[in-house]
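Me: Hi! I've got a two-chain structure to go through and I'm new to this. Can we look at it together?

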Amino acid sequence: MSAADTANDVPLPARKKRFNRNEVLAALIFVLPFVVVYAVLFIYPTLQMIWLSFHKAPLIGPGEFIGLDNYFKLFKDRLFGVAFWNTVYFVVLTVVPATLTALLIAIGVNRLKGWMQSLILACFFIPYILPVSVVFRVWGWMFDSQFGILQPLIALVAGDNVPVFRTLPLFMPTVAFITVWWTIGFNILLFIAGLRNISPEIYEAAALDGTSKWRQFTRITWPLIWPVTVLVLTIQLIAQFKIFDQVYLFGNGGRSDATMGLVQLIYRSAFQKNNGGYGATVAVVLFLIIVVFSVLQFQMLRARGEK
Amino acid sequence: MSSVATTPAAGEVVGMSPRKRRIIRTLDIVGLIATIVTVLGAIFWAFPLYWAVVTTLKVENDIVQPGIDLWPRRFTLDAYTHVLFNTKIGTWYINSLVTAISVTVLVVMMSALAGYAISQLKFPGRRILWWIILASFMIPIPALIVNHFVLISQFKLFNTWLGVILPQLVYGPVTVIIYKQFFDSVPKELREAAKIDNANEFQMFFKLYLPMNWGITTALAIITFIGAWNQFLWPFLAVTDEKMMNVTVGITQVTDAFGVKYARDLGSAILAGLPVAIVYLIFQRKVTEAIMLSAGIKG
């Protein structure tokens, strides 16, 4: 990002009058809507969230300052442990499979030409633009314990129909699988963009040397696509840490604590138990986890931009 | 001796080409397998959606029959007529349309304006503003639900369109960043020429910079609309009144009093996803362009 250079390039003779009055006035009018919205809906709630986490307070209404008690409570809270590990489990189940599968699909799609490529890409991509409610209904029907089209297959393995979403060990892997199905189109797009950036001449040269396809992949494609892979991994990581919608819907309105994730714990504490202070505390922790990963992502984006 | 000397050389030339041909042929087989696997994968990926759509076109009694009918035995639109006339889906559609379009218009407008100022104008605080916008990438919006809710309650916007719309405006920063990049790449000569013609900043923005970047504006508007239409968590929290729900929330939170009806449930879901699916199919290129831009990859 070139923010630093562009902001510094005030021409020397203009030093005395650094800013043109009309220009500043126009600029203020231009940025005003954004700055107001940003301050009221972004910065204020963020600061208030931190403030609220030091209070014992209901969702709406005044509370009592209790310092770090919410944080101490958090680390002793069994439910927080469950929510944290469920989230990590979900992240592990989705991030790496979604990235690797997307790379394979992207390589396959990238080989195709013309309308064939558009059609095949659309098949993989279309789930990504659908709302979660559609994904929920579609896969609820696929796995339906009575009439689901997948039940004959499941019965073949398990001996009988299995209510997948009500069987705890199967719940997270199934929701993770559905999430990969839903969101993989995004990763595929990024990988295809990355593959197109690799010059075909490198492959031609390798083919002339009689390099095998496998070696071409390990020696050319994989190293050159690695930066995109890291980008996809971090974007996925950040996105999946915020898991709520699918787990909530498939978990039958989040009635079971066993499938709870961190955002759901925020929701549970603040909205269902009316403990705004504690909900905010969980939110701060989630916030910190994601900031760490985001800093990593940002550094990488910057590295890419400077290259 | 001479024959011995020439044979390997000849063998090399003649023998080389079948070997090369063999390599090419194996490559083609590998390529063919890769293509077949990719096509099968695409069918596997698209099948759940196909299966859902086909199910909605079946008679409810046929759906629960054993056996797999990949095409309806008896074709009917009952599921759709039922959902359209006997549920609140019409109202939910309007709520979704109003909120999603408002979010789109507001986000695109304020981001374009801010992006222009940061890209082209010199004003105090510009650098700080830019860094804050870049840093806001890191704030997980779902973590803000508690305080967005508090805010919305303070303004008494619970169960209103505005209450659904406002917190979604925080998805703006990425749009500002993309606009800034595009405005940066408008040639400076055009700006100088417009300056000589005495154009003020507003004319410059509306007559030069915005029209030159209509492509990116439509791309950003489409992706913002899809994102706003698909929102679940916030509209789910900000609305409890059935009449004010968005379609994505309504179809999962309000259950039919007549028990499980597969075709109807799926039909309502298909209807909920239809607008974004249509938008995507029409603007495929724009959607992919916008997605890559927001991931930091300039198409």
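Me: Which residues in α4(A) meet which ones in α10(A)?
Reply: On the α4(A) side they are A:Thr87, A:Phe90, A:Val91, A:Thr94, A:Val95, A:Ala98, A:Thr99, A:Ala102 and A:Leu103. Facing them in α10(A) are A:Ile225, A:Thr229, A:Val232, A:Leu233, A:Gln236, A:Leu237, A:Gln240 and A:Phe241. Contact here is a matter of C-beta atoms, placed from the backbone, lying within 7 Å. The helices are DSSP runs (H or I, at least four residues; strands are E, at least two), numbered from the N terminus.

Me: And how do the residues of that contact divide?
Reply: Eleven are nonpolar, six are polar and no residue is charged. Ala, Val, Leu, Ile, Met, Phe, Trp, Tyr, Cys and Pro count as nonpolar, Asp, Glu, Lys and Arg as charged, and the others, Gly among them, as polar.

Me: At what angle do α4(A) and α10(A) cross?
Reply: Roughly 150°, with the axes coming within 9 Å. That angle makes α4(A) roughly antiparallel to α10(A). Axes are lines fitted to C-alpha atoms over the stretch in contact, with angles from 0 to 180 degrees between N-to-C directions. Under 35 degrees is roughly parallel, over 145 roughly antiparallel, 65 to 115 roughly perpendicular, and the rest oblique.

Me: Before we go on, what kind of model is this?
Reply: A predicted one, where local features need pLDDT of at least 70, side-chain atom pairs count only at pLDDT 80 or more, and totals for chains, interfaces and linings use all residues. Residues are numbered from 1 along each chain as its sequence is written, while chains are lettered from A and ligands numbered from 1 in the order in which they are written.

Me: What scores does the predictor give the complex?
Reply: An ipTM of 0.88 and a pTM of 0.89. For chain B, the mean pLDDT (confidence in each residue, from 0 to 100) is 87, and 89% of the residues reach 70 or more.

Me: Which element of chain B has the lowest mean pLDDT?
Reply: Helix α1 (residues 2-56), at 73, whereas helix α7 (residues 161-165) has the highest, at 97. Over residues 1-15 of chain B, pLDDT stays under 50, and the model has zero contacts there beyond four places in sequence. Where pLDDT is low, the predicted coordinates should not be read in detail.

Me: Got it. How many residues of chain A are in contact with chain B?
Reply: 75 residues of chain A, and they touch 85 of chain B. Helix α2 (residues 21-52) of chain A gives the most to chain A's side, with 17 residues. That side has 61 nonpolar, eight polar and six charged residues.

Me: Which residues of α6(A) and α14(B) meet?
Reply: A:Ser133, A:Val134, A:Arg137, A:Val138 and A:Trp141 in α6(A) meet B:Tyr262, B:Asp265, B:Leu266, B:Ala269, B:Ala272 and B:Gly273 in α14(B). Seven of these residues are nonpolar, two polar and two charged. The two axes come within 8 Å and cross at roughly 150°, so α6(A) is roughly antiparallel to α14(B).

Me: New topic: is B:Asn147 buried or exposed?
Reply: Buried, because 25 other C-beta atoms lie within 10 Å of B:Asn147. The cut-offs are 20 or more for buried, 12 or fewer for exposed, and partly exposed in between. Leaving aside neighbours within four places in sequence, B:Asn147 is in contact with A:Pro45, A:Gln48, A:Met49 and A:Leu52.

Me: Where does B:Asn147 lie?
Reply: In helix α6 (residues 145-154) of chain B. Seven of the ten residues of α6(B) are buried, so this helix is largely enclosed by the rest of the structure. Among those buried residues are B:Ile145, B:His148 and B:Phe149.

Me: What's up with B:Asn159 and its phi?
Reply: The phi of B:Asn159 is near 60°, which is positive in a residue other than glycine. Most residues other than glycine have a negative phi. B:Asn159 lies in the loop between α6 and α7 of chain B and counts as partly exposed because it has 15 C-beta neighbours inside 10 Å. Over in chain A, A:Asn274 has a positive phi near 55°, and it lies in the loop between α12 (262-272) and α13 (276-306).

Me: Last one: how many helices and strands are in chain B?
Reply: 15 helices and zero strands. Of the 299 residues in chain B, 41% are buried.

Methods: Two residues are in contact if their C-beta atoms, placed from the backbone, lie within 7 Å. pLDDT is the predictor's confidence in each residue, from 0 to 100.
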